[in-house]
Each structure stands twice: as structure tokens, then as C-alpha cells.
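Open the model in your viewer and keep the sequence panel beside it. The tour goes from one selection to the next and says what is there.

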Amino acid sequence: SSGINAEYGVVHVSGGIMALVGACVVGPRKGRCVGERTNVRMPRQNVTYAALGAFFLWAGFYALNMGTIQDFHGQGVNALGKIAINTTICATTSAIAVTLLTLYKEKHIEPYSVVNGICTGLAGSSAGCATMTTEGALITGLLCGAVYFLLSWMLCSFGVDDVTDVAPIHLGGGMVGIIAAAFFTTRPFYKIAVLDSGAETPCGAFYVCDGLGWRLFVANLIFLVAVSAWSFVAGLALFLPLRIMSLLRVDKITEDAGLDFISGADVELKRFN
């Protein structure tokens, strides 16, 4: 189901943890984290393509979130509209939060950060889009944007260079989404989302449901810790051997010249020959 679902926690949290481990093992790019200037801006690709890709991803999230509802008849059909609305609210409010925070800190709007804010809100929407209210989705989106901004700003301060901000987007959005779902889930929406007809249907910690409100929070917290621990160990098992075999980084000459330049030069050389 779309509510409090393991598949979304696994996708976003595990992906974010493994990206973070990978960035730590690989190390920062040359010139990215230098002395006191721990957050040096590096050249980026086409912002238009980045924004276009984010909107393609946004459209795909409607199919992803709405497609996981288990009942496409009766009340399930009515839930589809709410899922779409909650997905939209999470993405937009996350982008707004990142825009305002970036404007406050950098004194200008950073387009790439706004695009990543959209992606973070989409990641955060997945866990609870079918079970929370629109007010809960709004708060979830704002928290997603704030957490993304904080994680993105902090990483390079610790010497971690996450080139495309995968960890802040997926780990930040995934964690916020799982925890927020444990607070904002309502019993009626949960019943529709997971076809639960039992007497002990849980709800979020902010709602009263026969003392079952905190059960969902505890379950989601345990789930979050378990997925994070597994992903951390799996990431080390994957990246450390690759580093030992010198398969994670290009050579210094290629890094200094740039992968785009070296790859393009090889192509042009082959054409010339």
C-alpha cells in the first residue's frame, strides 16, 4: 500500500545511506573541500535539463504513489485524488522551503537546490501520501525542504562530497516521510489504503485511536533503524573492496582535465583517425 509502506523506506533510505557511504569512501573532488572554504561551488551541467528531468520524475511519482492503492473500486477511487494532492503539496512546499532557506543564506535563489527540493518532497511524500491529511502533507513537505537544505550544507563541512545530493534527497526525504507518516496518519485513510477492516487499526501519534497512536511511531522507527543499519553495512561491503582495487576513482590526470574533456577528446580522436 501507499501508506507506511516498507518499499518506499527501502528505496529512499537505503539508497540515501549507500550514497552517503559511497561518497565517504570515494572522497571529495579536487578543490571541493579546501581548508576553511569547505563548500566550494563546482561547475554543474545544464540547469534546464535538470529541471526538465525533475518534472518528468514528478509526473512519474503520481503513477507510483497512486498506483499502489490496493482498492480501485469504491472508496479506493476517492483516495486517488487525495494521494495526488498530497504528492503535489509535499513537492511544492519542499521546493518553497528550500528556496526561502537558500535565499536567506546565499542571498540568491539557487536553481539546482530548488530542483533538488522538489525531488526531496517527492521522496518524502511516498510513505504517507495515502494515509495523511493535506495539513500533514504540507508540514511533511516543509520539513523535507528544511532537512535537505541542512544535510546538503553540512556534508561538505565534514569532508563529504555528494556530487548530486543523493543522500540529502533520498535519506533526508525518506526519513522525514517515514517519521511524518507515523505522526499524521489517520485511521479512516489507513483503512482505505491498506484494506484494513480490523478493530485495532493504528493511527498517527497526533491522533487518538484507543492508545494505538504511538505503536505506529515505534514500528516505523524500528524499521528506519533496521534499514539504515543494513544499508550501511551493505554500502561498506560494496565500496571498500572497489576502493582497495582502485576502481572507484579516475586517475589524477583525468580528474584534473575533467571527465567530459577526456571523454570528448577520445571521441574526437577516434573520429579524426
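Select Asp-161: does this residue count as buried or exposed? Asp-161 counts as buried, because its relative accessibility is 5% and the cut-off for buried is under 20%. Keep in mind throughout that this is a predicted model.

**Around Asp-161**

Asp-161 sits in the loop between α5 and α6, the latter covering 166-184. Now show the side chain of Arg-29 as well: a polar contact of 2.7 Å joins it to the side chain of Asp-161. If neighbours within four places in sequence are left aside, Asp-161 is in contact with Ala-23, Pro-28, Arg-29 and Arg-32.

Stay in the loop between α5 and α6 and select Asp-165, which lies there too. Asp-165 is buried, as its relative accessible area is 10%. Its phi is near 60°, a positive value in a residue other than glycine. Most residues other than glycine have a negative phi.

**The whole protein**

Zoom out and colour by secondary structure. The protein has 10 helices and zero strands. Of its 273 residues, 43% count as buried. The protein exposes about 14,400 Å², and carbon and sulfur atoms supply 70% of that area. Among contacts between residues at least 6 apart in sequence, 72% join residues at least 24 apart.

**Helix α2**

Select residues 47-66, which form helix α2. The 20 residues of α2 should span 28 Å at 1.5 Å a residue; the end C-alpha atoms are 29 Å apart, so the two values agree. At the start of α2, find Asn-46: one of its side-chain oxygens reaches to within 2.8 Å of the backbone nitrogen of Thr-48. Then pick out Ala-54, Trp-58, Phe-61 and Asn-65, which are buried in α2.

Next, select Thr-102 in helix α3. Thr-102 counts as buried because its relative accessibility is 2%. Its side chain reaches the backbone oxygen of Val-98 at 2.7 Å. What does Thr-102 contact, leaving aside its neighbours within four places in sequence? The residues are Lys-107, His-108, Glu-110, Ser-113 and Phe-149. To check a distance yourself, pick the C-alpha atoms of Thr-102 and Val-114: they are 8.6 Å apart in space, while the residues are 12 apart in sequence.

Move to Lys-107, in the loop between α3 (75-106) and α4. Lys-107 counts as exposed, because its relative accessibility is 64%. It has a positive phi of about 65° although it is not a glycine.

Continue to helix α4, residues 111-125. This helix is mostly covered, with 14 of its 15 residues buried. At 1.5 Å a residue α4 should span 21 Å, and its end C-alpha atoms are 21 Å apart, so the values agree.

Leu-138 lies in helix α5, which covers residues 134-155. Leu-138 counts as partly exposed because its relative accessibility is 39%.

Notes: Residues numbered from 1 in each chain as written. Predicted model: local features only at pLDDT ≥ 70, side-chain atom pairs only at ≥ 80, totals over all residues. Heavy atoms only, no water. Helix = DSSP H or I, 4+ residues; strand = E, 2+ residues; numbered from the N terminus. Buried < 20%, exposed > 50% of the residue type's maximum accessible area, 1.4 Å probe, protein only. Expected span 1.5 Å × (residues − 1). Polar contact = N/O pair within 3.5 Å; in protein donor to acceptor, adjacent residues only side chain to side chain. Contact = heavy atoms within 4.5 Å. Areas by Shrake-Rupley, 256 points an atom, 1.4 Å probe, with all protein chains shown as cover.
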